[in-house]
Structure formats: structure tokens, C-alpha cells
Amino acid sequence: MIKNYIKIAVRQLRKQKMYAAIKIGGFALSIAACLLIALYIRNELSYDKSYPDANRIFRVLIVYTNNGTVGKGPEWPAPLAKTLKKDFPQIEFSGRLMPNTLMGAGTAEVRRADQVENSYEDGITYADQSMLNILKLPMVYGDRLHALVSPRTMVISRRKADKYFHGQNPVGKVMYFNNDKTKPYTVGGVMENFPATSHLQYDFMLTLIGMEFWQNEQNNWGTFNYSTYVLLKAGTDVKDFEQKMTADIVKNYFLPNFKKGGVKNAEQEAAKIKMALQPVTDINLYSYDIDDGLSHGDIRFIWLFGAVAGFILVIACINFINLSTAKSANRAKEVGLRKVVGSYRSSLIKQFLTESLLYSFLSFAIGMLLAWLLLPYFNTLTSKSLIIPWGEWWLIPIVFISAFIIGIVAGMYPALYLSGFKPVQVLKGTLSAGSKSSVLRNSLVVFQFTTSIILIISTLVIYNQMQYILNKKVGFDKDQVVVIQGTNTLGDKNVKSFKNELQKLASVKSASISDYLPISGAKRNGNTFYNEGRTKLDAGIGGQFWQVDDTYLKTLGMKLLEGRNFSYDMSDDTAGKSIIINQTLAKKLNLKNPIGKRITNGYTFTVIGVVQDFNFDSMHDQIGPMVLHFSLSPSMVTVKVKSADMKSTLQAITNTWKSISPGQSIRYTFLDESFANMYADVQRMGHIFTTFAILAIIVACLGLFALSAFMAEQRSKEIGIRKVLGASVEAITTLLSLDFVKLVALAIVIASPIAWWGMNKWLQGFNYRAPISWWIFALAGVVSIVIALLTVSFQSIKAAIANPIKALKSE
């Protein structure tokens, strides 16, 4: 019987080539999309699971609640890690990472001690020896238990060992960072590269043994710079331990420190601190509300992409159901005759399910091929390096089971519907009229287009927000600004000479020395500020403290609203006693007339100017308080170019660099590109939504095309009679198209409020956002109706221009 079922299924497939192609094509496209999204989700869910004790590794978070606002972060004072290990027997190891660029980590120019040319490197962090013990990183060379126990030692990754010491054992070799020969680092070990599915991506781990970045820094409970991790002993109750840890650390360390510093209402301030343990396996997807400076995923996107994949698959299943039930009249006599000669309904159900399974398995085979072909594009789209795991034992069984389930699910309703025909009605010819219209079929078409329109609107909103971000006035001029990096290798004297020589170039408007820039990857330095004499009376104002020179404002096109700029001719400026603040800090410190006022962060400064607020972090956040301080921070030089001939200007800049540092290659970026890269995740999301919106429309239109062809076929006699009675081609085309346009219009009405709600929630993540304008919904509606009309008009026009004699010759 099974062989017979398959024969009949193949015969039906050959008999209805167009409908079979649309069923299989729609299924295959949706399955390819689902497979690609499944690979993406699998990759995101696999983060940080490679560590041997991953289920016992936690990142310690601070949860600070102030006036109803909750802030989360992983940075803690230097002594916390050793205190946790000392005070709590539940902790097997505790350790710290410190990738802060302010302390010399993050990025650097690196070279072997026996070579002269530097190479730019990122992925540099300070680390405790205990971090190697917590993560149990596999070692290529050296002893993991002792690799960082000595001062000025470091562990490097396999790829960097191959780069700098190819074919050698680097242990014991010496390297310099930023040409600083006074601080040589000895390689203590070589670790395997961190897997791509790790939230930690470091190539250089420099020991914290013997490091103190300022006097008594390692015992200071007032500065927060260290990400702290713990390895709990097996069997520890995490929730109970969190409560005990918070209570003891706040009571025994933070509260006494607040009282010692004269903090007003010390008990209330201490009560705002809570400690939380975040499983290391949650860091990638559950850190969207944590300010940790790392690049990671978002569980909300995982759910979103999973839903998109599911909807695309449902759209394809709807095509199958619609076409199967729409063609019911063509199979009605077959069902009637089979029942008359003794077929049971169960046999007919099996027959129709066999056909459904055949379509499903063919679709899966083609879908997997499409997924393989589209994977390079998808990797570019998502910035991933995904591969289809052909060698995994579970792949084929999962694909087989999925094809079986989807085949049964998609085919069950048509099988029950077709097998339920009554022979008397069928053979009398009274059934075919019922197949011309179907509430279910129309409802499914509306669902298809509702889903597609939601994706179109979402794509337009994301695109609109991205354009708003890139074109909004951000308080500085990011166009035609070249950022030269690694200039600290020139030395303080030479970097000043380099700046002066650049300013002599005819194509250069201005140049500035500062590595504090309003782009990601530049330095940051958080401080707490008070009005002079109010340290013990007022709550401190957290903000940034940036080191800049006298041409910084001019080079970046920042507007000075009050006071004056820095000058080498002013002794207070060169002595580091003067500052320029932004409008936000002036407001938060209640400075009505800021010029001449004195502000302290431990050191006291005089305000000489107020700069207009500028966005120095992502537009997800509000502009924060800012202090600009006149001093040298020389690892970057920015150059404002006034010439339209960028190629010649860059060559002139390169020649100037070579005249000062002939043995070192120049490295530069453009400020506007770096600014745009801050929103790469938004752009990526927009591209993904665009791709899947197009795919959903294609799959929905395949079904609409087939339905319009079927309806034209069913109404061929009606059309013939209308033409004989004088109906025009335009009138008949309108008649056949109007029903489908009504369905699409209904889908627009349903989709618009759903899309508005979803995208409004998404935009809440931006403090600066474009409004969701009416034109977005209008454009999405027009696009949908035009696509639907183009899809059905072919069949409508074909039916309208057909010779009526052919349709009526049997009458």
C-alpha cells in the first residue's frame, strides 16, 4: 500500500507541475531560512560553555538602585576579589580582569624586544593568575598554574605566538608595549585561542602581580575598575550565597569606606548596593542591560529571530493548505469514486499525508541545499562564521524528524478535508461551488500578508532610526576627520612635533592630540565631581574626565558657549588647574554662572569654559556630565581635513609620519566610519529584517500567484459569459484582482498596530530616537498592495484576454 501511495503522490506531483513547484519552492525557501536562523541561534546559545567548570563560574555584578533607576555593571574595587576568597569558604577561586584603556590595556603597539617595528594589537587585558585557574584555559606552552605568578609576565594566545614567534616556544621571551622599554613583559605561557563562542576575546593577558596604578590603588574601595569572577564550590546555593555576600561585603567594607570618606547618609548609600552572580553562560545573551563595554548578543533578538523563522515556515505551510483545499474540486471525483469502490477514509487520509510528506522531504532536501549556498551571505549579514555541521551524527535524524513533523502538520487539515467528501454530492457535481470561496483560505492569506507587512514596517522603522542616528547633530563634526592611532610610540616630544608639522599642511585645517574621542574604542575615565566645599554635603555627580589639548574643540568642531578655550599662554592651563565642562555637568551641579566656579574630584579645578553638549557615547544613552582637562594623552592624533582631495591629503600625512618615525607604519581610521560602527548592531538588525521581509513576501506571493491562477481557472466560464455580454479586459481584471486587494488591505489594518507596538518597544532602548511617522505605514501598505496586484494581475489579465469560446464551447 505504501508503494501505491507513493506512486499516486508522484503522479499528482507530475500532473500539477506549477502548483507542486510553488508548494515545494515556498517550503524550500522557508526551510532554508529556518535552518540559517537555527544555526545562528545555536551559535548564540553555545557561548561560554566550553570551560570545564562553566556551570560553577560566575561574574560578580553590582546592582545600584538610585531614585528608582537601576544600573548594573561588572566593575568592582581592586580588593574585592581577594576579600571574597578570604571571607567566603563557598568560593574556590576568585579573579579579576582589567581591560581598561585608561590603565594601558585594551589596545597597544606591540613588538618583540629584539625587533624595531611595532604592530597594533587589541584584545589586551590585565588578569590575575587565578583567572587561568577559573577558566582552566588549555595551554600550548608553559604551566597554567604558574604562568602569571611573577611580576611583568604575560600569557599570549596561540595565534599571537605564531605571529611573533613562529615555530618557537615563546616562554621566556620579552616583548614591549608602546615602545616602553622600562616595562618589559616576559611571556609566561601560551594559551589556546579563546573560542569564537566566548565573551572573552583576549590575546594578551598581563599579570596583575605587582601592579599598582596609583598609590594604594590595590586597597582602595572607592574606585571601580576590575571585572571580578568567581568559581563556586560544587553544591553552593547561589541565591542564598548572593544574599550573604551582599550583606557581609556592604556592611564590612563599603559602609566603613563611605563613613571614612564623609559620605552623607552613608547607611542609605550603602543600602543602594546589591551584589549579584551572573552565570558565565548567561553573559552573552543576558547582558543587554549591563554596561560592560563588551560585544555580545541579546536574548530578545534570539526570540525575535526565532519567531520570524517560525512565521516564515507557517506562511509556507499556509500555501500548502490553501492550494490543497483550493484544488479540492479537482480531487473530489477521485475521492468519490474511491469511496464508492470501497476505500476507507483512513486510507484516503494516508494517501494525502503521503503526498504531503513527499512535498516536505523534497522541500527539505532543496532547502538544505539553499541554506548551504546562502550561508556565506548569511555570515556576512550576521558577522558570524557559521558552518553547517554535516559531520554531526544528529543532523540527519533531526532533519528527517523535522521533515516528517512538518509534512504531517501541513498535510493534516487538507487530508481530513479532502477525505471527508460525500460520494453522493461529489458525483452529482454539487461540491465544486464550495471550493470557490473559503473563509479559512482567506483568513490564511490575511495572516500571511499581516506577517509580511509587520516585517516591512519593522524594516522601515529600523532604517529610519539608523538614518536619524547617522544624520543627527551630535555636537561635533565627524566628517573629514582622520584619526591617526598609535602616536604614543613617537614619544611626547615627537608627537607634539608631528602635530605641528601636520598643521603646516595646506590641506589640514587643524590637528589635536588626544585619545579621548566620542567613538567606541577610545579612552574613557569616569570620575565623581563636587562643587568645592560640598564634598561631605552633596551627592557626587558621576561623569567623564577627558584629557585634551588646546586645538581639540576646533578640530572636532565643538561649540564653546561660555568662557574661553585652553591656551599654552595661560599658566593655570599649563599647570593643569583649568577645566572646560559641558552643559549637563553645569546643570547637575546647579551652576547658573559656571565661569570661575571651582569643582573637585579629589583635585580642585577652575571652570574656564562651557562646551555645548555632545554625544560621546551611544545614542542608546543620554548625554552625561563631561570635564575636559588640559593635558597630554598622546596615543591618538585627530586631523581635520579641509581639502576635497582626501587621497593626496592622506599621502601628505603619511609622508609627515615617515619623516618622524621612518621605521613604523602609519595606521589611521576615519571618525565618521568609527561613529557609524558604533551602531553596527542596529544596521545588522536592519539588514536581517530586510532579508527576511523580502523572503516572507516572496513566499506569500507564491501562494497568492497560485491562488489567483486557480480562481481564474474556476471562474473561466463566468469570465467567458461576461466577455460575450460586453465586459472589457480592464473590468474583468479589476473583478479578479479586487478580492485579493481587499484581503491585503485587511492585513494592513491588522499589521499596523502590532508593528507600531513592537517597534515602539524597540525604540525605547534609544534615548534619541526618530518618531514612528505615518508615512512608514502608508509606504508599507502601498508596497504590499502593489506587490499583491503585480502578483495576481498576470493571471487576471491572462484570464481576461482569453478567448471566451474556449471556456463556453461545452455549454
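Select strand 14 (residues 481-485) and strand 23 (residues 636-641): five bridges join the two, and they run antiparallel. The model on screen is a predicted one. Now pick out V481, whose bridge partner in strand 23 is K640.

Strands of a sheet pair through backbone hydrogen bonds, either parallel or antiparallel. Here the sheet is open, has four strands in the order 15-23-14-24, and its pairing is antiparallel. Which strands stand at the edges? They are strand 15 (508-513) and strand 24 (668-670). Each has a single partner strand, so one side of each is left without a neighbour in the sheet.

Two packed helices are described by the angle between their axes and the distance between the axes. Select helix 2 (residues 17-45) and helix 10 (residues 345-382). Their axes come within 6 Å and cross at roughly 45 degrees. An angle from 35 to 65 degrees falls between roughly parallel and roughly perpendicular, and helix 2 and helix 10 are therefore oblique to each other. The crossing of these two helices is right-handed. What classes of residue make up the contact of helix 2 with helix 10? The contact has 22 nonpolar, three polar and one charged residues.

The axes of helix 10 and helix 11 come within 7 Å and cross at roughly 140 degrees. Helix 10 and helix 11 are therefore oblique to each other as well. This crossing, too, is right-handed. By class, the contact of helix 10 with helix 11 has 20 nonpolar, six polar and one charged residues.

The last stop is empty space. Rolling a probe the size of a water molecule over the atoms shows where such space is left. How many cavities of 30 Å³ or more are there? The count comes to two. Go to the second largest cavity, which holds about 40 Å³ of space. To find this cavity, select its lining: I37, Y40, F305, F378, T382, I688 and F692. Helix 2 and helix 10 return here, joined by helix 20 (680-714), and each of the three supplies at least two residues of the lining. By class, the lining of the second largest cavity has six nonpolar residues, one polar residue and no charged residues.

Notes: Residues are numbered from 1 along each chain as its sequence is written. This is a predicted model: local features need pLDDT of at least 70, side-chain atom pairs count only at pLDDT 80 or more; totals for chains, interfaces and linings use all residues. Side-chain values use heavy atoms; hydrogens and water are left out. Axes are lines fitted to C-alpha atoms, for helices over the stretch in contact, and angles run from 0 to 180 degrees between N-to-C directions. Angles under 35 degrees count as roughly parallel, over 145 as roughly antiparallel, 65 to 115 as roughly perpendicular and the rest as oblique. A crossing is left-handed if the near helix is turned anticlockwise from the far one by less than a right angle, and right-handed if clockwise. Ala, Val, Leu, Ile, Met, Phe, Trp, Tyr, Cys and Pro count as nonpolar, Asp, Glu, Lys and Arg as charged, and the others, Gly among them, as polar. On a 1 Å grid over the protein atoms alone, a cavity is a set of points where a 1.4 Å probe fits but cannot get out, and a pocket is an open set with protein on both sides within 12 Å along at least five of seven lines; lining residues have an atom within 4 Å of a point. Grid points are joined across faces, edges and corners, and a volume is the space filled by probe spheres set on the points. Two strands pair if DSSP finds at least two bridges between them.
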